[in-house]
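Hi,

Here is the structure I promised to pass on.

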Amino acid sequence: MFEVLPQLSPDPILGLSAAFKQDTNPNKIDLGVGVYKDEQGNTPILSAVAKAQQVLLERETSKTYITPQGVQGFIDGMLSLILGDKSPVMLADRVAAVQAPGGCGSLRILAELLTRVNKDTKVWVSDPTWANHIPLIGNAGLAIETYPYFDKASASIRFDAMLDALKKVEKGDVVLLHGCCHNPTGADLTHEQWQAVMEVAKEREFLPFVDIAYQGFGDGIEEDAYGVRLLCENLPEVIIAASCSKNFGLYRERVGLAAIVTADTKTKSIAQAQIQNVARGIYSMPPSYGGALVDIILSDVALKQEWQSEVNEMRNRMRTLRSLLVDKLSEYGAQKDFSFVNQQKGMFSFLCISPEQVQKMRSEHSVYFVDSSRVNIAGISLSNVDDMAKAMVSVIN
Ligand code: PMP
């Protein structure tokens with residue numbers, strides 16, 4: 001039967017990893033896949049997570065099914081992390097939420113929920129956006145449109161163009177926004193720009209869909225939630241997909257949260273039952289393990305503090321690497337000014353060089369990153385930053 005299916009070309013990022021593995025250059029550098037790495041190039045288990053695993057090992061007495069919504073302590077902990085301790089929408093009992101398999105699972109079940117509301121819903125995504133947004137949302141059957149976001153020539157957000165586009169979005173349309181650490185560009189909205197987006201959302205009555213996958217990697221755990229909190233506190237409805245892959249380092253455990261801020265408590269109950277019903281028809285209920293770990297961490301003062309300082313350490317390391325890269329590029333004589341890299345947030349940076357230059361980085365210098373010029377900042381290290389900067393200078397000058 002399956003011979004009727006077309007052969008698919010390899011996924012560009014996974015293809016890049018395969019090419020990296022095959023490269024025999026001992027000084028090769030991998031800046032492709034979006035996974036945090038330490039100075040040695042490892043993606044370690046956070047120490048707060050390792051301790052939580054011990055607690056869970058002793059505490060867990062059964063592997064029977066958990067509830068359809070997932071681990072309730074996880075949901076409560078994540079909602080206060082994202083929305084704040086004294087969130088007005090939480091106090092007003094307006095938030096439906098479920099644990100989901102990763103940020104991807106959350107994006108997908110929310111997209112499915114939107115099709116139940118209206119199968120002709122349009123979802124506006126930034127140009128560019130994380131490549132997987134398109135299949136995750138589009139395969140649910142929703143139409144995808146783009147709004148302008150980033151200008152490669154000036155390495156900055158095209159905010160006027162973005163706002164103009166949002167002013168034409170129709171009532172009931174959905175606008176996907178990156179809560180922080182925009183993937184792939186690393187370019188985030190300022191507080192004033194979030195305010196302007198919120199006002200347009202209010203006026204046009206579109207639904208903001210916030211994807212927050214890097215909370216804590218930009219300016220701080222609290223600071224990175226500024227935009228999503230502003231929207232939730234000022235609009236009747238917002239939907240949120242959050243991921244614990246990066247900030248808890250729980251990638252393979254697949255831990256995410258799908259939340260729906262509704263206009264009132266009655267609608268919250270409807271949304272809660274509907275989102276559980278959507279999940280029931282796809283994977284029935286989420287795996288408990290990763291959510292149980294996050295619950296243990298967030299509900300224990302000492303473990304939470306330990307986790308916060310580990311997040312701070314990851315963020316600070318990436319910031320240091322950004323500024324080191326910028327300094328080294330100028331030290332080795334780059335004709336282009338790369339100081340914009342210091343303004344970008346989180347794990348990714350768009351270096352704003354051409355696909356041909358990116359390919360040369362790969363073929364001539366064994367430095368691997370995607371053609372868009374997105375690099376994983378955490379793949380840089382004190383030991384490879386000189387090679388990386390020299391390679392860049394020779395390719396771009
Ligand atoms: N959203 C964005 C913008 C991401 O970059 C990612 C991870 N690359 C995710 C969501 C989801 O990640 P996961 O499913 O691994 O939690």
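Below is what turned up, starting with the ground rules.

This is a predicted model, where local features need pLDDT of at least 70 and side-chain atom pairs count only at pLDDT 80 or more, while totals for chains, interfaces and linings use all residues. Residues are numbered from 1 along each chain as its sequence is written.

UniProt, in an unreviewed entry, puts "domain: Aminotransferase class I/classII large" at residues 27-391 (its positions are given in the numbering used here, feature names are shortened, and annotations may be inferred rather than shown by experiment). Over residues 27-391 the chain is 44% helix and 15% strand; helices (H or I, at least four residues) and strands (E, at least two) are DSSP runs, numbered from the N terminus. The end C-alpha atoms of that stretch are 12 Å apart.

Now the sheet. Seven strands make up an open, mixed sheet, ordered β2-β10-β9-β8-β7-β3-β4 (two strands pair if DSSP finds at least two bridges between them). β2 (95-100) and β4 (143-148) are at the edges with a single partner strand each, so one side of each has no neighbour in the sheet. Strands β3 (residues 122-127) and β4 run parallel and are joined by six bridges. Trp124, for instance, has Glu145 in β4 as its bridge partner.

Two helices are worth a look as well. The axes of α2 (residues 47-59) and α11 (residues 289-298) come within 9 Å and cross at roughly 105°. Axes here are lines fitted to C-alpha atoms, for helices over the stretch in contact, and angles run from 0 to 180 degrees between N-to-C directions. α2 and α11 are therefore roughly perpendicular (65 to 115 degrees; under 35 is roughly parallel, over 145 roughly antiparallel and the rest oblique).

What about the ligand? Among the 13 residues around the ligand, the nearest are Gly102, Gly103, Cys104, Ser243 and Ser245 (near means a C-beta atom, placed from the backbone, within 6 Å). Helix α5 (residues 102-117) gives the most to this shell, with three residues.

Most residues other than glycine have a negative phi, and most peptide bonds are trans. Asp127 and Pro128 are joined by a cis peptide bond, with omega about 5°, and Pro128 lies in the loop between β3 and α6 (133-138). Another cis bond joins Asn183 and Pro184, with omega about 20°. Asp93 has a positive phi, near 55°, and is found in the loop between α4 (88-91) and β2.

Cheers
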